[in-house]
Amino acid sequence: MKTANKLFVSCEQAKHICDKNQYGEASIIEIVKLNIRLIYCKVTRVYSKRNTKLTKTLKKTDIHTISTSQKDKMKKQLQEKLTK
């Protein structure tokens with residue numbers, strides 16, 4: 001019976017596994033545990049659905065970050081304006 005208890009995870013653990021799963025970092029055992037939780041927990045299902053939607057939305061967008069040199073340049077400009 002102890003093995004059955006190991007398959008059931010708390011809602012917080014399921015959310016963590018869900019996050020890991022979105023980025024391909026969850027193990028097979030964790031995915032099984034998550035799927036078991038998704039069967040009977042509405043809160044976890046909603047969280048998983050929203051998480052999936054957010055991930056898909058972010059992948060669709062064309063987000064670009066600025067380089068470190070650009071960040072440094074912006075910091076210097078801000079410091080100069082603050083000291084004036």
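Mentor: The protein chain has five helices and zero strands; helices here are DSSP runs of H or I with at least four residues, strands are runs of E with at least two, and both are numbered from the N terminus. Going along the sequence, the pattern reads α-α-α-α-α. The chain's radius of gyration is 21 Å, well over the 12 Å that the globule rule gives for 84 residues, so the chain is more spread out than a compact globule. That radius is taken over C-alpha atoms, and the rule is 2.2 Å times the number of residues to the power 0.38.

Before we zoom in, some ground rules. This is a predicted model, where local features need pLDDT of at least 70 and side-chain atom pairs count only at pLDDT 80 or more, while totals for chains, interfaces and linings use all residues. Residues are numbered from 1 along each chain as its sequence is written, and side-chain values use heavy atoms, with hydrogens and water left out.

Back to the overall picture. Along its principal axes, the C-alpha trace spans about 70 × 25 × 20 Å. Of the 84 residues, 19% are buried, and buried means under 20% relative accessible area, exposed means over 50%, and partly exposed is in between (1.4 Å probe, protein chains only). The chain exposes about 7300 Å², with 59% of that supplied by carbon and sulfur atoms; such areas come from the Shrake-Rupley method with a 1.4 Å probe, and for residues only the protein chains shown count as cover. Looking at contacts (heavy atoms within 4.5 Å) with a separation of 6 or more, 55% join residues 24 or more positions apart.

Now for the charges. Side chains of opposite charge can pair when their charged atoms come close. We call it a salt bridge when a side-chain nitrogen of Lys or Arg is within 4 Å of a carboxyl oxygen of Asp or Glu, and by this rule the count comes to two.

Take K15 and E12: these two form a salt bridge, with the closest N and O atoms 4.0 Å apart. Both sit in helix α2 (residues 11-22), three residues apart, which is about one turn of the helix. K15 is partly exposed because its relative accessibility is 22%, while E12, at 58%, counts as exposed.

The other pair is E30 and K20, whose side chains meet in a salt bridge at 2.8 Å, N to O. E30 belongs to helix α3 and K20 to helix α2, so the pair ties together parts that are ten residues apart in sequence. E30 is buried, since its relative accessible area is 19%.

Then there's R37, placed in helix α3. What is the nearest side chain of opposite charge to R37, and how far away is it? R37 is buried yet has no salt bridge, and that nearest opposite charge is E12, 8.7 Å away. For this bookkeeping Lys and Arg are positive, Asp and Glu are negative, and His and the chain ends are not counted. Leaving aside neighbours within four places in sequence, R37 is in contact with V9, S10, C11, A14 and T44.

Helix α3 also has a nonpolar side to its story. L7, F8, I28, V32, I39 and Y40 make a nonpolar surface patch of about 630 Å². Patches are built from residues with over 30% relative accessible area and no salt bridge, joining like charges within 9 Å and nonpolar side chains (Val, Leu, Ile, Met, Phe, Trp, Tyr) within 5 Å. Helix α3 (residues 28-40) gives the largest share, four residues. V32 is in helix α3 and is partly exposed at 38%. L7 comes from helix α1 (residues 2-7) and is partly exposed too, at 35%.

To finish, look further along the chain. N51, in helix α4 (residues 42-60), is buried at 12% relative accessibility. Not counting residues up to four places away in sequence, N51 touches C18, D19 and Q22. T61 is in the loop between α4 and α5 (68-83) and is partly exposed at 37%.
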